[in-house]
Amino acid sequence: MANFAGCTVEKAVGAVTVAGAELEVVDLPGTHSLLPATEDEKVSFRFLCECAEAGEDLLVLCVAEASNLSNDLALAAGLKAAGFRVALVVNMIDEARLNGIRVDKEALSDELGMPVVLASARTAEGLDAVCALLTSRPPRADPSEVFDFRRASRRELRDLQEDAVRAADRACAVAVSLPHRVVLPTISRSMRIDRVLLHPVAGPLILAAAMFLLFQALFAWAHPIMDLLSEGLAALGEALRARLPAGAWSSLLCDGALPGVSAVAVFVPQIAILFTLIGALEQSGYLPRAGAMVDRALRPFGLDGKVFIPFLSGFACAIPGIMSARTIASERRRLVAILLTPLMTCSARLPVYTLIITAFVPASLRPWGLDGRGVVMTGMYVFGVLMALLLALALKWTRLYEAHPSLVTILPPYRVPRPRELLRYVRARVWHFLSRAGQIIFMVSILLWALASFPRAQRTQEGLAPEAAAAVRIQGSALGMAGRAIEPVFKPLGWDWRVSVAVLSSLVAREVFVGTLGTIYAMGHETRSTQGLVRALQEAKKEDGTPRYGVPMAAGLMIFFAIALQCVSTIAIVRRETGGWKWPAIQFATLFVLAYGLSYAAVRVLTALGA
Amino acid sequence: MTLDQVALEMPVRIVNFTSIDATEVARLSGMGLRTGTTVTKLIATPLQDPVECLVGPQLLALDRRLLRRIQVEAL
């Protein structure tokens with residue numbers, strides 16, 4: 001199956017049973033021509049050639065837009081000429097009728113030499129006819145007769161494309177009657193809307209408002225649900241702990257499995273809300289226009305307008321941000337977006353920044369009359385964006401760089417999003433997250449629990465407050481021992497074993513840093529009220545009586561958190577989206593080295609300046 | 001003249017492509033940009049690049065670098 005470009009950015013496989021026969025349906029990335037340029041376009045042609053080579057029963061179902069047949073028919077005609085068995089689905093026929101377009105199915109079928117179905121995916125018109133097409137048993141493709149796109153010269157591909165365009169023009173002339181208007185009604189309406197949405201002043205303001213709404217939705221709408229889920233699962237854990245006999249199994253369930261479920265479940269509201277809004281923007285036709293508006297500004301950095309949504313979503317959480325990079329058709333550009341999105345200051349970094357800023361930036365600091373702590377916090381947001389842009393610049397010199405994907409962006413007519421389609425779109429993405437990345441996040445959460453729980457501390461914990469007992473357990477655990485083992489590595493950054501353990505444990509989620517440090521300092525769960533921990537950090541002394549932590553260490557730690565990929569959930573989603581461990585490993589290592597290097601430089605410079 | 005020199009709202013016809021290799025021209029034909037097609041520049045995006053154009057029956061955002069390479073004639 002092939003549809004119009006920009007919809008599918010990867011091959012999707014499904015099964016359908018029609019008239020008792022089980023068929024495999026493969027949805028391929030769309031393409032506008034027979035000359036594949038981007039990686040996603042190459043995927044489609046490679047797949048078709050491999051199927052033909054393997055002698056598989058293959059029917060290529062080309063989905064064309066009824067109101068744009070003069071352009072969309074060329075692909076079907078070209079694939080037919082290339083030796084594939086092709087059928088044509090003329091989609092959105094209802095909209096074409098409203099535009100005054102008449103399509104003669106029989107004439108089109110005769111002219112192209114392939115079965116044609118007039119359909120509307122929105123109204124389900126023609127669905128039975130599409131199913132009937134699928135059950136017709138096509139003959140096996142003869143590899144010797146099928147044009148091999150993988151080995152064809154550019155000249156051969158050009159000739160094929162030019163012939164296909166001519167065939168499409170002939171078919172249109174015979175089978176499609178256009179209204180006597182200059183511009184189709186749907187296009188005319190879109191032009192009027194664009195006069196407002198692309199206006200030099202109103203356009204950016206509306207875009208900013210739309211993005212503000214999206215950002216707000218991720219924070220304001222998702223967070224109450226996330227908190228509810230998190231608190232509900234925490235309460236369930238406490239209730240189970242009270243009923244179960246104390247021991248390893250109880251701890252596994254209450255401290256490992258349930259927090260693992262919680263770590264997965266809390267992302268669902270954000271993902272659902274983000275994709276509802278992205279889906280609505282995409283289906284309405286506004287998303288390509290938003291991308292076109294910011295495209296020029298991002299071009300010097302080797303980026304294009306399509307990274308805008310992943311980057312913006314990354315401010316809430318890198319996970320939905322990385323998933324939203326699926327709207328980028330070019331494989332290499334999508335990879336660049338995936339690699340850079342985690343540099344946006346996500347909400348999980350806020351508790352860490354808040355703790356460090358409150359502890360080490362004096363309230364009396366008021367540069368230019370502004371609140372110094374607020375300025376530092378804003379600076380961290382700017383720092384993340386700057387790092388992403390600088391790294392994007394650096395990536396221009398690697399093989400990941402791809403020249404601007406196209407000098408042309410198709411602007412579809414504005415359409416009202418349909419709730420049913422939107423629901424299906426969101427459900428598919430939530431399920432995708434739960435079934436793939438969710439499993440990894442859950443497994444890693446259990447692993448980290450095991451590292452933090454074993455071996456059991458020998459030192460008696462009787463008489464200790466629960467928080468103090470927890471601190472003793474962490475200190476003696478594998479995670480605590482690892483923290484001590486890596487202490488020399490991080491000593492140049494001014495970290496002691498406590499900070500090292502907290503940073504290690506924050507791999508589960510960055511905000512865990514605060515809780516772990518709080519536990520180590522036996523201050524209890526400090527995620528809501530950090531004042532006790534703030535004092536502990538300010539007053540902590542080394543054995544020689546000098547302060548344990550200072551401004552250089554704090555600045556270095558914030559820089560480290562701004563850059564390092566301290567989040568297994570993000571690593572898991574990158575693995576899922578890139579199809580292997582190679583890119584998450586490269587991303588983790590590169591960002592770690594960069595984070596360490598810049599953090600070290602900051603510590604040295606600030607120490608030299610006497611900060 | 002080239003398409004970037006044409007005023008907004010003035011329909012013109014594509015006559016040739018310059019400084020674009022033949023493969024790219026063939027690729028553009030799949031998006032409706034072909035010799036003989038009528039094009040009307042409608043509105044420049046806020047940063048003045050790309051420009052929204054009516055190309056045949058559809059709307060396309062065309063990069064200014066491309067506009068400079070499309071030769072057109074008045075209708």
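Me: What does chain A contain in the way of helices and strands?
Reply: Chain A has 25 helices and eight strands. The model is predicted.

Me: What makes β4(A) and β6(A) a pair of strands?
Reply: Pairing requires at least two bridges between two strands. Val89(A) has Val117(A) of β6(A) opposite to it.

Me: Why are β3 and β6 of chain A said to stand at the edges?
Reply: The open sheet has three strands in the order β3-β4-β6 (chain A), with parallel pairing. Each of β3 (60–65) and β6 (116–118) of chain A has a single partner strand, so one side of each lacks a neighbour in the sheet. From one strand to the next, the twist averages 20°.

Me: How do you know that helix α2 of chain A packs on the sheet?
Reply: Contact requires C-beta atoms within 7 Å. Helix α2 (residues 69–81) of chain A touches β3 and β4 of chain A. The direction of this helix makes about 165° with that of β3(A), on a scale that runs from 0 to 180 degrees between N-to-C directions.

Me: What makes a residue of chain A count as buried, and what percentage of the chain is buried?
Reply: A buried residue has 20 or more other C-beta atoms within 10 Å of its own. Buried residues account for 46% of the 611 residues in chain A.

Me: Which percentage of contacts in chain A joins residues at least 24 apart?
Reply: Among contacts between residues at least 6 apart in sequence, the value is 72%.

Definitions and conventions. Residues are numbered from 1 along each chain as its sequence is written. Chains are lettered from A and ligands numbered from 1 in the order in which they are written. This is a predicted model: local features need pLDDT of at least 70, side-chain atom pairs count only at pLDDT 80 or more; totals for chains, interfaces and linings use all residues. Helices (H or I, at least four residues) and strands (E, at least two) are DSSP runs, numbered from the N terminus. Two residues are in contact if their C-beta atoms, placed from the backbone, lie within 7 Å. A residue is buried if 20 or more other C-beta atoms lie within 10 Å of its own, exposed if 12 or fewer, and partly exposed in between; C-beta atoms are placed from the backbone.
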